[in-house]
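Biologist: I should like to learn how to read several features of a structural model. Please give the general idea each time, and then the case at hand.

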Amino acid sequence: MPVRAFILTSLLQISFFSGIMDKYQEQPHLLDRHLEWMMTLLLDIVRDNGSPPQLVHLAFKFLYIITKVRGYKVFLPLFPHEVRDLQPVLDMLVDQNPKDPETWETRYMLLLWLSMICLIPFDLARFDGNISEEEHTRVPTMDRILAVAKCYLVVSDKARDAAAVLVSKFIVRPDVKQKRMADFLDWTLSMISKSSFQSMEGTVVMNGMLQALAQLFKHAKREDCLPYAATVLECLDNCKLSESNQMVLRKLGMKLVQRLGLTFVKPKVAKWRYQRGCRSLAANLQAQGSVVQSQMTTVAANEADDEEEYDIPGEIENVVEQLLVGLKDKDTIVRWSAAKGIGRITGRLPKELADDVIGSLLDCFSFQETDNAWHGGCLALAELGRRGLLLPSRISDVVPVILRALTYDEKRGACSVGSNVRDAACYVCWAFARAYDPTELIPFINQIASALIIAAVFDRDVNCRRAASAAFQENVGRQGTFPHGIDILTAADYFAVGNRVNCYLTISVYIAGFPQYTQPMIDHLVNMKINHWDSVIRELSTKALHNLTPRASEYMANVVLPRLLPLSVGTDLHTRHGAILACAEITHALCKLAEENNRSITHYFDEKSLEGLKQIHEEVCIKYKCLIPFMFFTVSAGWQWLINDSLRSLTFASSTARQHIKESAVSALAALCNEYYINEKGEADSALQDELVTMYVSELQNTEEMVRCGFSRALGALPRFLLKGRLQQVLEGLKQVTLISPGNVSFAEARRDALIAIAKVCQTAGVKGEGSQEEYVCKDNVAQIYAMLLNGVTDYTTDSRGDVGGWVREAAMRSLMEVTLLLVQNEAELIDANICKQIMCCVAQQSAEKIDKFRAHAGSVFLALLHFDHPPIPHIPHREELERIFPRSEKETLNWNAASEAFPRITQLLALPAYQYSVLLGLSVSVGGLTETTLRYSAQSLFDYMKKIQNDSSALESFCETLLKVFEDNLRNDRVSVPLLTMLDQMLANGCFDTFTMQENHPFPVKLFTLCKEEIKRSKDIRKLRSSIGEPSTGTSVFAFPQHLELRFPGHCPAQSVFFPVFSRFCGLIQFQGDMREKVFFQLFLLLCHPFPVIRKTTASQVYEMLITYSDVLDPAIMDSVLTILSDTNWEAELPVVREKRNCLCDLMNVPKPQLPPSPFSCTASKGDLSW
């Protein structure tokens, strides 16, 4: 097989095999029973001397993929380690190039294989035989292996890790450690001393040396390593790895330090450690919450241990100190390694020294320490508890620390740190559940259970909530003493706590039903969450307090509310915001509770609480409706001012807060009006009504857009008694907002909110056909209302934000649907046929346009109107045909966002006369657009429709008339005419009008030619003109692709082709017979003398392509001459030179020469042909 083909095949095989193996990443143990036969097959290829090198490397790549998934520790023992394998593997490894980046997997696997072979129980000197003086250059096998290991310890690829494993297996051999161990350690320490972690080369060398030392001190016998441990520790201290920026070096340093520490002290199981005898889940669950008596619990303090002798060298203090410092490292992996080291070494220390270590460890939990220290401390405590090294006497010191860690959250800039601390604290609780007998934790059960529940329900991060849930579950199973543990676990399991909103608003209410947890949960929300830096957490916390109020109403009213009132007028913004929201939510809940229990509100509120509520200012607007029952009329004016001021100040709010403030103020306005502005007769005070409505309508003409938005929505929220007699004034004011004038073109959001408000006003006022237009939606004003809404559907305003008119169109369509459904449910006769047709056609047009979001909205509105049957909407044009195209069964399943589903349906409306114009107008924007997916499916759907009507002359003529009508109505409207002409170009190129090419002087191409001329008349837009001549779309030579072929692939439009290719339409019109051809040539020859050189050049290129494509339009006798002039002339030269060449073409082709019009001024060459 050729090398190139082998490489490609290998890449495919590796990719396929990796895909299979990756599926086992989460449960790699499933591979265990297959590992041996896979290794045997691959090593057979390696052992075969006839295997080509590429195949051998491929086999090792497959072996590495398996090792990566399962881990080398499991895979290593499966390597064959027979004596006969030593020399071949060593020779193969020596032959490798350590710097070859393509074969590192081979070197990695060979080193692992050699590390396994090194375990053979024979002296390596036997493999050397008798080395005579003549063979003194021959290197002993021992030295060869050691040289290979040293070579690969200083490389930068994965082989370095395998070389460290090889050293750990090789140096500990009895024959090697006697002869080479000391020398090897001297070499590693000298390499470390000479290297610096400041350089990349030094980092690589130190990494290999530290790995080798860590592996060696892990696998070697203590008595073999002890003589060298102090020297290695001293060298490590001199390196000062804690100052390195390389996380891997610090982690390896921490691993080596703990291995040295374990070397200094004898391995033994401390008799003083805590041992829990009964760990049966069944026994704990059968206890039904009672204390489970330990069967074999021994308190680690018997007298025999006191007499035990410990030989603790002085270096241990240095080791422990470095590990404690490692607990504060900035990287988690280093802290985790240090925590494991603390646990391992503490288990070999006497009780007194171990207690000193724990005391030093607890110093990590000072609030002067960083979150890194807290996290490392939690990991170390979990290790100590898991190993039984944290005695029950210390639990009283540890539990308060862990409880603080469960809520640790420190703000840093715009975010906070501490999620890792809380997660580690949950791990500590999980470890304690497995480590201690229930009797030891009884005094702390309620505190731990409440803290875990709070973390599982109210923590901001999902991983912390799930960790707390898992720890709670472990305690319920292992301890059996958590109150209502099983019941709570059913509601707050691992998956249930994944949704934060559900935790705050639903699960918390259920858990608060158990008295042991109610007050701690409320206190946590008040103390820790209402002042949280994240506004979402603050809002969720206050809503949770609302939901928890019925569970502890007296506590809320007598304790929580008085505590919150001073905070609501404090100086801290977050605390003040949260406190105001909390006051509102709790007040609202207590008010509802009093109403449900037929109690007076004074049952829950004393005079002091009411006075405190009156002092709350701006944020009360958010829950204004909750506080209204406690105020009196004189205060309502102040609150009205507050609402008005909030609406006037929307301009100063951030873009993310505006909508929330606006909606909150509007809802508060509605509550205020319903509470205070209505008398016993259900009517409004006329003076107040006049003042309020007049002021709001006048604000609609404010020069600030956001003010218009706010007061438009406010008018939409007014109750009916305030609209009565003022409906026409309100509608007229909103109408003025919806109109576009030169001064408010960019006020799209104001127009959107005004259209939304119109629908709300109509719904509030109600419908009465013969009623007064000042009170109802009636026959006198329904036409005006529909005119405003239909006008909104035509808003295509754009600015730097994009198609902002889309917001207006979306709101207009929604309002059209709401008003129409309102009318049809009350007095359907108010909807006449013309209005219904306009509505359906406008919505159909929007459902055919290019932006997915607005097309989907229009489609849903269209189907909602079509299929509404309570009662059905009258006068829908072609209802039966529409119901066949859009069956009721597909109303919910049709995906309007997908162009592949929407356009095949919407183009069928072209066959319905009432919808043809509107749908074609919408389609032209999509077919001539830039979005590839939309363009492809819309164009294909249109072409499919055109194929169906090719043999139906009346349908084709009707379509062409509509097409020309759309063009004529949108002349010089770039939004429509640009994509429309692009669509025409594609239709001409795809033969949609081939029927007309057989008829001389058919009116369709004549009319189209006239409209194209009118479209470009006096245009000076260079981009427009350049692309209009059909400049190539991919940057290749204009002679490479004929125009009609290039345009069959519209998805490759360049940035400049955003503007319409008008004159490429002229090139396409050349195929029509009759006088059309002479007109086209004349128009194109005008462009050959255009003032812009780039237009002249592009025109010449397009004419050249046109003549090649439609060769029958020119006499073959002059074809070569014409093409020569077009291709050889420098069309960017001066106009007199260019004009001469253009006139030669006119003479050759018998086309009239363009003439300069009479002018009182001299016609200079710079002006070109003014007839253009």
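Biologist: In which helix is I7 found?

Modeller: Helices are DSSP runs of H or I with at least four residues, numbered from the N terminus. I7 is located in helix α1 (residues 3–22). Please note that this is a predicted model, in which local features need pLDDT of at least 70 and side-chain atom pairs count only at pLDDT 80 or more, while totals for chains, interfaces and linings use all residues. Residues are numbered from 1 along each chain as its sequence is written, and side-chain values use heavy atoms, with hydrogens and water left out.

Biologist: Is I7 buried, partly exposed or exposed?

Modeller: Buried means under 20% relative accessible area, exposed means over 50%, and partly exposed lies in between (1.4 Å probe, protein chains only). I7 counts as partly exposed because its relative accessibility is 45%.

Biologist: Which residues touch the most other members of the largest nonpolar core?

Modeller: In soluble globular proteins, nonpolar side chains tend to be buried together. A nonpolar core is a set of buried Ala, Val, Leu, Ile, Met, Phe, Trp, Tyr and Cys residues joined through side-chain atoms within 4.5 Å. The largest core has 204 residues, of which F79, F170 and F472 touch the most other members. Helix α23 (residues 445–458) supplies the largest share of this core, 11 residues. Apart from it lies another core of 164 residues, including A665 and C836.

Biologist: What is F170 in contact with, beyond four places in sequence?

Modeller: Contact means heavy atoms within 4.5 Å. For F170, the partners are C118, L124, M142, I145, L146 and V176.

Biologist: How far apart are the end C-alpha atoms of helix α41?

Modeller: The expected span of a helix is 1.5 Å times one less than its number of residues. The 22 residues of α41 (residues 805–826) should therefore span 32 Å, and the end C-alpha atoms are 32 Å apart, which agrees. Of these 22 residues, 17 are buried.

Definitions and conventions: Helix = DSSP H or I, 4+ residues; strand = E, 2+ residues; numbered from the N terminus.
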